[in-house]
Amino acid sequence: MSFVLDVPVQLLMALLLAMPAGEDLHLAVSPEVAEAPPPVVRAYQGFGEGGFKFREQSWLEALKSQQDVAEFRGYARRIFHTSDGFHYVPNDAERRAILGLRDIPAIAQGVSARLAQRNARRLRMALGRTANPSDLYLAHCLGISEATALVKLIEQRPRDPAYFHVAKIAPDFPIEALVPHRTATLSDLRAFVDGSIVAATQAAARQNLLRTWQPDLRDSFAGLVAGQNHNLEPERLTVATP
């Protein structure tokens, strides 16, 4: 029985958009693999909300980092952060409304894709190589500084216990959502995440999404998101009355 993380296909596609044009993605899926039965998914999937699995802090940080993007600027201005990196929205009604944006695909997709592009640039500088989809997934889940530290440890000390290092690097993250078991090594963790990305790729292949994967989608994506968000009026946050 194999266990994988539940990596949403829409999140995978956002991560792929951050890969350099022409980069060998190592994601070719044969027809036999694409038609294979889907692997068993772990029962524990509660580390994020919405179709792109954003936790509260990761969502607020991601939205705040995109305040230079016109369609997100109104939201980002309402998000503040402390000197130690904690992000918050002072007004509780606005906080609920901003967190609720995770459930709007047009917004969550745009935030995810732009965050992945930003993380890809920062990971390339920190690691000295192109970030792969597994690296980008860790950055999406844990945060860029935490993912950078973890990826470096995986490369330098693969036999170390994964549970210990994830707990130390990302104490607020539910470790059970990432580490397959307590005896897992960092090498096991890498294989676990890689396998989960492959499973998401299989799902994308079964939905014929990879057939449409072309470098020029990067340019059309930005326009698509801007068009979808045009009528969302970011300056007017409202909360449904119970």
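Helix α5 spans residues 92-100, and its buried residues are Ala 97, Ile 98 and Leu 99. The cover over these buried residues includes α3 (56-64) and α4 (70-76). The model is a predicted one.

Arg 95 forms a salt bridge with Glu 56, and their closest N and O atoms are 3.0 Å apart. Arg 95 belongs to helix α5 and Glu 56 to helix α3, so the pair ties together parts that lie 39 residues apart in sequence. How accessible are the two partners? Arg 95 has 26% relative accessibility, so it counts as partly exposed. Glu 56 has 30%, and it too counts as partly exposed. Buried would mean under 20%.

Now step back to the whole chain. The protein chain has 242 residues, and 46% of them count as buried. Its secondary structure comes to 11 helices and 4 strands. Take the contacts between residues at least 6 apart in sequence: 72% of them join residues at least 24 apart. The chain exposes about 12,500 Å². Carbon and sulfur atoms supply 53% of that area.

Next comes the interior. In soluble globular proteins, nonpolar side chains tend to be buried together. Here the largest nonpolar core has 66 residues. Which residues have the most contacts inside this core? They are Trp 59, Leu 63, Tyr 137, Leu 178 and Leu 189. Helix α6 (residues 105-127) gives the most to the core, with 9 residues.

Phe 80, Phe 86 and Tyr 88 make a nonpolar surface patch of about 290 Å². Phe 80 is found in strand β3, which covers residues 80-81. Its relative accessible area is 39%, so Phe 80 is partly exposed.

Return to the charged residues. The structure holds 9 salt bridges. Several of them meet in one place: Arg 129, Asp 135, Glu 155, Arg 190 and Asp 194 are linked in a network.

Is Asp 135 buried or exposed? Its relative accessibility is 0%, so Asp 135 counts as buried. One of its partners is Arg 129, and the side chains of the two meet in a salt bridge at 2.8 Å, N to O. Arg 129 counts as partly exposed, at 25% relative accessibility.

Asp 135 also meets Arg 190 in a salt bridge, with 2.8 Å from N to O. This pair links distant parts of the chain. Asp 135 sits in helix α7 (residues 133-142), Arg 190 in helix α10 (residues 186-206), and the two are 55 residues apart. Arg 190 has 15% relative accessibility, so it counts as buried.

Definitions and conventions:
Residues are numbered from 1 along each chain as its sequence is written. This is a predicted model: local features need pLDDT of at least 70, side-chain atom pairs count only at pLDDT 80 or more; totals for chains, interfaces and linings use all residues. Side-chain values use heavy atoms; hydrogens and water are left out. A nonpolar core is a set of buried Ala, Val, Leu, Ile, Met, Phe, Trp, Tyr and Cys residues joined through side-chain atoms within 4.5 Å. Buried means under 20% relative accessible area, exposed over 50%, partly exposed in between (1.4 Å probe, protein chains only). Patches are made of residues with over 30% relative accessible area and no salt bridge: like charges are joined within 9 Å, nonpolar side chains (Val, Leu, Ile, Met, Phe, Trp, Tyr) within 5 Å. Accessible areas come from the Shrake-Rupley method with a 1.4 Å probe; for residues, only the protein chains shown count as cover. A salt bridge is a side-chain nitrogen of Lys or Arg within 4 Å of a carboxyl oxygen of Asp or Glu. Contact means heavy atoms within 4.5 Å.
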